[in-house]
Amino acid sequence: MNKQHKKLKIACYTVNVTMALVSNISPLLFLTFREQYGISFSLLGLLVVINFATQLCIDLVFSFFSHKFNIPKVVRAMPILTFIGLFIFAFWPLILPNIAYVGIALGTVIFSASSGLAEVLISPIIASIPAKDPDREMSKLHSVYAWGVVGVVIISTLYLLVFGRENWQWLIFTYMLLPILSSILFGTVEITCVHSPEKTSATLELFKKPALWLSVVGIFIGGATEVTMAQWSSSYLEQAMNIPKVWGDIFGVALFGVALGLGRTLYGKFGKSITRVLLIGAIGSTCCYFIAGVSNNAIVGLIACAFTGFCSSMMWPGSLVIATDRFPSGGVVVFALMAAGGDMGASVGPQLVGLITDFAMTNPWAINLAKSYSLSPDHIGMKLGMLLGMLFPLFGIIIFAILHKHSRKKHH
């Protein structure tokens with residue numbers, strides 16, 4: 001690998017760290033926004049929906065019209081968009097605190113659009129760089145995202161604890177150094193040419209392949225399994241396990257992120273037989289969700305949350321590896337379609353758990369069930385939510401078993 005390729009790889013890594021930032025910073029600031037600007041919980045939750053919905057729109061646009069874009073120019077524009085989004089996100093509430101939510105939402109749309117572009121384009125750039133083992137390189141890229149989540153959670157939590165929530169803007173201004181670094185790196189390196197079908201008709205032909213849709217379902221399951229636990233682990237530990245919120249944030253989210261990063265890092269160093277890894281991961285994730293749903297022991301619940309990160313770590317990047325291996329000529333279109341599947345899972349999974357949790361907290365049957373086990377409605381709601389979340393990796397066992405079977409036939 002030459003010097004230019006190494007610099008390009010580092011640039012891609014910095015973008016993935018920035019993606020970890022923009023995907024996780026809003027939930028970490030929910031309580032701050034609530035206290036300072038009186039923003040309702042429903043509007044705060046809408047920020048997460050805006051984030052994933054914007055990324056999904058970008059994914060779908062690139063699924064059909066990737067041949068219309070100048071890929072190198074789009075890649076170089078991504079960090080600039082992120083910078084603008086973060087600036088509006090932080091600066092608007094300083095000058096217009098009475099309508100702070102407008103600026104926060106607008107900033108979220110802009111940096112989420114950049115994140116959506118990164119999700120579609122960074123993986124194919126890494127895949128285009130010559131490597132002895134492309135599967136491991138993809139795993140390393142996604143491990144950077146996981147470690148980025150850990151860093152963002154720990155740094156942000158400690159900053160707000162030490163310097164106070166009222167100074168949250170300075171945290172965002174500091175984080176804006178990340179897209180500046182990415183912009184500098186991309187500006188000083190040649191961006192590898194990324195293949196894309198030249199006509200929409202070629203894209204439609206690709207969409208007729210059943211094996212491609214099987215991979216999309218796989219990454220949907222991966223997104224749902226991973227993000228559901230990542231977003232709900234803190235609330236689960238607080239409500240169901242009676243762990244204080246600050247420790248739920250650190251241990252629930254950060255420990256999950258550590259396990260996620262560890263799984264991807266280990267595969268990046270030693271991994272082989274990706275389909276077998278995905279099948280084992282789906283089985284492990286199912287067991288973890290089940291344990292989280294039925295256990296009343298705080299330590300056991302914490303371990304189950306964290307170990308879900310390890311078990312689900314390769315579901316998203318692994319499904320991506322399978323799709324690109326089967327359809328190398330698809331280029332950006334395959335990555336865009338897979339990103340759409342992953343984002344859909346990441347949106348649907350947490351939303352369903354939230355709905356079942358709210359339902360259980362007001363449903364007479366669930367309330368009586370809680371009383372029979374001497375539990376609160378919040379407690380039983382979170383546990384039922386975890387058991388619902390278990391259905392995603394449970395279905396994943398079937399999907400990844402099929403993919404594994406096809407993989408074995410291919411190699412024989």
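Me: Where in the helices does Ala298 lie?
Reply: This is a predicted model, where local features need pLDDT of at least 70, side-chain atom pairs count only at pLDDT 80 or more, and totals for chains, interfaces and linings use all residues. Residues are numbered from 1 along each chain as its sequence is written, and side-chain values use heavy atoms, leaving out hydrogens and water. Helices are DSSP runs (H or I, at least four residues; strands are E, at least two), numbered from the N terminus. Ala298 belongs to helix α13 (residues 298–312).

Me: Is Ala298 buried or partly exposed?
Reply: Buried means under 20% relative accessible area, exposed means over 50%, and partly exposed is in between (1.4 Å probe, protein chains only). Ala298 comes out at 27% relative accessibility, so Ala298 is partly exposed.

Me: How far apart in space are Ala298 and Leu237, C-alpha to C-alpha?
Reply: Along the sequence, the two are 61 residues apart. In space, their C-alpha to C-alpha distance is 7.4 Å.

Me: What is the angle between α1 and α6?
Reply: Two packed helices are described by the angle between their axes and the distance between the axes. Axes are lines fitted to C-alpha atoms, for helices over the stretch in contact, and angles run from 0 to 180 degrees between N-to-C directions. Helix α1 (residues 3–28) and helix α6 (residues 134–163) have axes 8 Å apart. They pack at an angle of about 45 degrees.

Me: Which word describes how α1 and α6 are oriented to each other?
Reply: Angles under 35 degrees count as roughly parallel, over 145 as roughly antiparallel, 65 to 115 as roughly perpendicular and the rest as oblique. At about 45 degrees, α1 and α6 are therefore oblique.

Me: Is α15 past α17 a left-handed or a right-handed crossing?
Reply: Helix α15 (residues 332–362) and helix α17 (residues 377–389) pack at about 145 degrees, with axes 8 Å apart. Contact means heavy atoms within 4.5 Å, and the residues making it include Leu352 and Ile356 of α15 along with Gly381 and Leu388 of α17. By class, this α15 and α17 contact has nine nonpolar, four polar and one charged. As for handedness, α15 passes α17 in a crossing that is right-handed.

Me: How many disulfides does a search of the whole structure find?
Reply: A disulfide is a covalent bond between the sulfur atoms of two cysteines, taken here as a pair of cysteine sulfur atoms within 2.5 Å. For the whole structure, the count is zero.

Me: Which cysteine has the sulfur nearest to that of Cys305?
Reply: Cys305 is buried, because its relative accessible area is 1%. It is in no disulfide, and at 8.8 Å the nearest cysteine sulfur belongs to Cys288.

Me: How far is the sulfur of Cys311 from the closest cysteine sulfur?
Reply: Cys311 is buried too, at 12% relative accessibility. The closest cysteine sulfur is in Cys288, too far for a bond at 4.3 Å.

Me: What is the phi of Ser273?
Reply: Ser273 is in the loop between α11 (245–270) and α12 (274–294), and is partly exposed at 28% relative accessibility. Its phi is positive in a residue other than glycine, near 55 degrees.

Me: What separates the C-alpha atoms of Asp133 and Lys269?
Reply: Asp133 sits in the loop between α5 (100–128) and α6, partly exposed with a relative accessible area of 27%. Asp133 and Lys269 are 136 residues apart along the chain, with their C-alpha atoms separated by 10.0 Å.

Definitions and conventions. A crossing is left-handed if the near helix is turned anticlockwise from the far one by less than a right angle, and right-handed if clockwise. Ala, Val, Leu, Ile, Met, Phe, Trp, Tyr, Cys and Pro count as nonpolar, Asp, Glu, Lys and Arg as charged, and the others, Gly among them, as polar.
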